[in-house]
Amino acid sequence: MTATLSNTTAPNTADYGGDEISALVLDPGYSVTRGGFAGEDVPKSVIPSFYGIVPSVNGLKHLYGENAVHTPLPNIEIGNPVSQNGVVEDWDTATQLWEYAITSRLTNTKPSNPLTNGLNDKTDDLKQEMEGVETQERPLDENPLLMSETGWNTGKGREKLIEIAMENWGSPAFWLARSGVLSAFSAGKASALVIDVGAASTSITPVHDGLMLKKGTLRCPLAGNYISDQLRLIFSTSQPSVPLTPHYLINSKTPVDAGAPSQASYRNSPLGTEPHPSFRALQEERILTEFKESVVAVWSPGRLGGHNQHGGTNLDSARTQNARPFEMPDGYNQLFGVERYRATESLFDVKMALSDASHPTPTPNQTLPQMIAQSLSQIDVDIRPHLLSNVVVVGGSSLIYGFNERLKQELEAMYPGPRVRIFSPGSVVERKFSSWIGGSILASLGTFHQMWISKKEYDEHGPGIVEKRCK
């Protein structure tokens, strides 16, 4: 007879590792994968979710880590196992990438096989002793694992995650948590409206008493990469156009005046060894990220396309604001004025979006204010005021200057009755790694030990146990 599942009875210490063993927290995203030990303030392992693909004698070889994806190796191509909507498309590569995040920084290197490491003269006796012993130890034999997931992950995707943890990595215990819920926990809240503005997507997650309200959970592609696309359109339509040449193509440069053409010499790869266009796109994204961090801002008060209290337009007001300088890798530099507000305005007002054939105009329902309105309309009217007074803003793209002020203004215009309060960590690390930090807090609680799904339970009930236990 199958044993009944219980959340109130703590599993045997042998089932999940016990108090002496630190649980690991893994928080995979589209742009970055974060890993670390529960109870710590920040993740020790932070690697790109992108990976390099290079030709080798045995076919194509995958390279993982910061250096691997930013070194212009011959014919290197860049891939990502996660789609733009945060769902894993290539499970084999995702498993290898996450395993690299764990083993490169967090777990010790496993001992090599004594039969083949050259340290033993006579291996005949060893062969007999090692019969039936696994030839390769698994990376999480001693560590329970807590993983984060998107609010719209599929049932099959959830089952695949516990399967990887238990069968591929040998983890003694596992738990799967929604990233929006973990972000709320990182802000010290059991109930909140979590707005996560990441690289590939923006998500709205209503959380009530530690549970995600699935009906109100929404996502849209208007996030960091969308702002980058807006910047590319601004640069290409400027007169003269603004060059976007990555560092690896620059050999040397000479200082020039603002707005003057660049004076640089360029590197050329030998014919037939040029990196794939996907490599250049990733390097251009690094420049745009730096531009977003140092120049781009969100306009307030009012909308950039609207009128101010003096009768003029806010666009005219933006032109009178102090411009900010930025120098491209090839030496081209310029002062950017109204352009730095224009790039982000369509997150709030779709009329200000720039578009072309490959970048269509977003729909009005994809703007942040409309997404929040749709989300709140799906949940109980009684808890809406409580969520509006506990709005948690996280994600790297929410760090753009003026974002929180504009969001508060938009929410107060839509909901004049309830009190709107925005909670957002001032620290860059806490904002970027909020879901990992929430997982670190959760997995380190003494009372959480009774929640783990043990390997024994997994063996009895199969991968479907994750749907029953991890709500």
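Of the 471 residues of the chain, 48% count as buried. The model you are looking at is a predicted one, and this report walks you through a few of its parts. The chain holds 17 helices and 19 strands. Among its contacts between residues at least 6 apart in sequence, 69% join residues at least 24 apart.

Strand 1 runs antiparallel to strand 2 (residues 32-37), and five bridges join the two. Look for Leu-24, which stands opposite Phe-37 in strand 2. Three residues lie between strand 1 and strand 2, and the two strands form a hairpin.

Strand 1 also pairs with strand 7 (residues 145-149), here in the parallel sense and over three bridges. Val-25 has Leu-146 of strand 7 as its bridge partner. Moving along the sheet, strand 7 pairs with strand 8 in the parallel sense over five bridges. In that pairing, Leu-145 has Phe-174 of strand 8 as its bridge partner.

Now turn to strand 9 (residues 192-197). This strand is mostly covered, with five of its six residues buried. Strand 9 and strand 10 run antiparallel and are joined by six bridges. A hairpin of four residues leads from strand 9 to strand 10. Strand 9 also runs parallel to strand 17 (residues 391-394), to which four bridges join it.

The table sets out the pairings described so far, each with one pair of bridge partners.

| Strands | Sense and bridges | Example pair |
|---|---|---|
| Strand 1 and strand 7 | parallel, three bridges | Val-25 and Leu-146 |
| Strand 7 and strand 8 | parallel, five bridges | Leu-145 and Phe-174 |
| Strand 9 and strand 10 | antiparallel, six bridges | Ala-192 and Val-207 |
| Strand 9 and strand 17 | parallel, four bridges | Ile-195 and Val-393 |

Is Thr-202 buried or exposed? With a relative accessible area of 2%, Thr-202 is buried, because the cut-off for buried is under 20%. A polar atom of the Thr-202 side chain lies 2.6 Å from the backbone oxygen of Leu-222. Leaving aside residues up to four places away in sequence, Thr-202 touches Asp-196, Val-197, Leu-218, Arg-219, Cys-220, Leu-222, Ala-223, Leu-368 and Met-371.

Thr-202 is also one of the residues that line the largest cavity. Rolling a probe the size of a water molecule over the atoms shows where empty space is left. The count comes to one cavity of 30 Å³ or more, and the largest cavity has a volume of about 40 Å³. Which residues line the largest cavity? They are Val-197, Thr-202, Cys-220, Leu-222, Leu-347, Gln-366, Thr-367, Leu-368 and Phe-403. This lining divides into six nonpolar residues, three polar ones and no charged ones. Among the lining residues, Val-197, Cys-220, Leu-222 and Leu-368 are also touched by Thr-202.

## The second largest pocket

Our last stop is an open space. The second largest pocket has a volume of about 320 Å³ and is lined by 18 residues. Trp-175, Phe-185, Gly-210, Leu-442 and Met-451 are the lining residues that lie nearest its centre.

Which elements supply at least two residues of the lining of this second largest pocket? Strand 8 (173-178), helix 6 (179-186) and strand 11 (211-212) each do. By type, the pocket lining divides into 12 nonpolar, three polar and three charged residues.

Definitions and conventions
Residues are numbered from 1 along each chain as its sequence is written. This is a predicted model: local features need pLDDT of at least 70, side-chain atom pairs count only at pLDDT 80 or more; totals for chains, interfaces and linings use all residues. Side-chain values use heavy atoms; hydrogens and water are left out. Two strands pair if DSSP finds at least two bridges between them. On a 1 Å grid over the protein atoms alone, a cavity is a set of points where a 1.4 Å probe fits but cannot get out, and a pocket is an open set with protein on both sides within 12 Å along at least five of seven lines; lining residues have an atom within 4 Å of a point. Grid points are joined across faces, edges and corners, and a volume is the space filled by probe spheres set on the points. Ala, Val, Leu, Ile, Met, Phe, Trp, Tyr, Cys and Pro count as nonpolar, Asp, Glu, Lys and Arg as charged, and the others, Gly among them, as polar. Buried means under 20% relative accessible area, exposed over 50%, partly exposed in between (1.4 Å probe, protein chains only). A polar contact is a pair of N or O atoms within 3.5 Å; within protein, one must be able to donate a hydrogen and the other to accept it, and residues adjacent in sequence count only if both atoms are side-chain atoms. Contact means heavy atoms within 4.5 Å.
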